[in-house]
Amino acid sequence: MDELGTEYLRDVAERLAGLRRNAERAAAQVDDRAFFAAPDAETNPIAVNMKHVGGNLRSRFTDFLTTDGEKPDRERDDEFVAEGETRAGVEAAWARGWEVLEATLASLAPADLLRTVHIRGEGMTALSALNRALAHLALHTGQIVLLAKHYAGPAWQTLSIPRGQSKTYRP
């Protein structure tokens, strides 16, 4: 079990770091106007996605094993408002959330994966909470990348294999 748990913790940390890199590389390709732009009233801009992720990670992974993941000081609804924000402020909130997640991941041992944690009063294994976070972050990373690609237009620099070049990446 220890070997499997160690491998899972290594792998999930790597996958999460990849999501962070992709979102940051995508967001870096747009100017401040695009960073705060929403294509319609129901779509969150890059800034809101990043602000929400930062708040979510800080809340979920502060005292991960010992307190509910929905912290009393979290103002989730405020995470979906970008008025009055600066890009630097949003990026700082994003980074703080990731720092909390990364510190928590580094502190976990394989035996912790089967411990019960709570999110909004719902008990689940730490393993399940990590998978839940991975899915949540994949959703928001995809939104950030799609918006950045849209706003960057022809200046977009791909985050993976460039279109039409798949054969050059075959072994």
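Is tryptophan 94 buried or exposed, and what is its relative accessibility? Select tryptophan 94 to begin: at 3% relative accessibility it counts as buried, where buried means under 20% relative accessible area, exposed over 50% and partly exposed in between, with a 1.4 Å probe and protein chains only.

Before going on, note that this is a predicted model, in which local features need pLDDT of at least 70 and side-chain atom pairs count only at pLDDT 80 or more, while totals for chains, interfaces and linings use all residues. Residues are numbered from 1 along each chain as its sequence is written, and side-chain values use heavy atoms, with hydrogens and water left out.

Because tryptophan 94 and tryptophan 98 are 4 residues apart in helix α4, they are separated by about one helical turn; helices (H or I, at least four residues) and strands (E, at least two) are DSSP runs, numbered from the N terminus.

From there, move to alanine 23 in helix α1, which counts as buried at 0% relative accessibility. Leaving aside neighbours within four places in sequence, alanine 23 is in contact (heavy atoms within 4.5 Å) with Trp94, Thr141 and Ile144. Alanine 23 and threonine 141 are 118 residues apart in sequence, yet 5.3 Å apart in space, C-alpha to C-alpha.

Now select Ile46 and Leu130, the residues with the most contacts inside the largest nonpolar core, which has 40 residues. Such a core is a set of buried Ala, Val, Leu, Ile, Met, Phe, Trp, Tyr and Cys residues joined through side-chain atoms within 4.5 Å. Helix α5 gives the most to this core, with 10 residues. Around leucine 130, again leaving aside neighbours within four places in sequence, look for its contacts, among them Tyr8, Phe61 and Leu113.

Finally, select arginine 87 and phenylalanine 35: the charged end of the arginine sits over the ring of the phenylalanine, 4.3 Å from its centre. A charge sits over a ring if NZ of Lys or CZ of Arg is within 6 Å of the ring centre and within 35 degrees of the ring normal.
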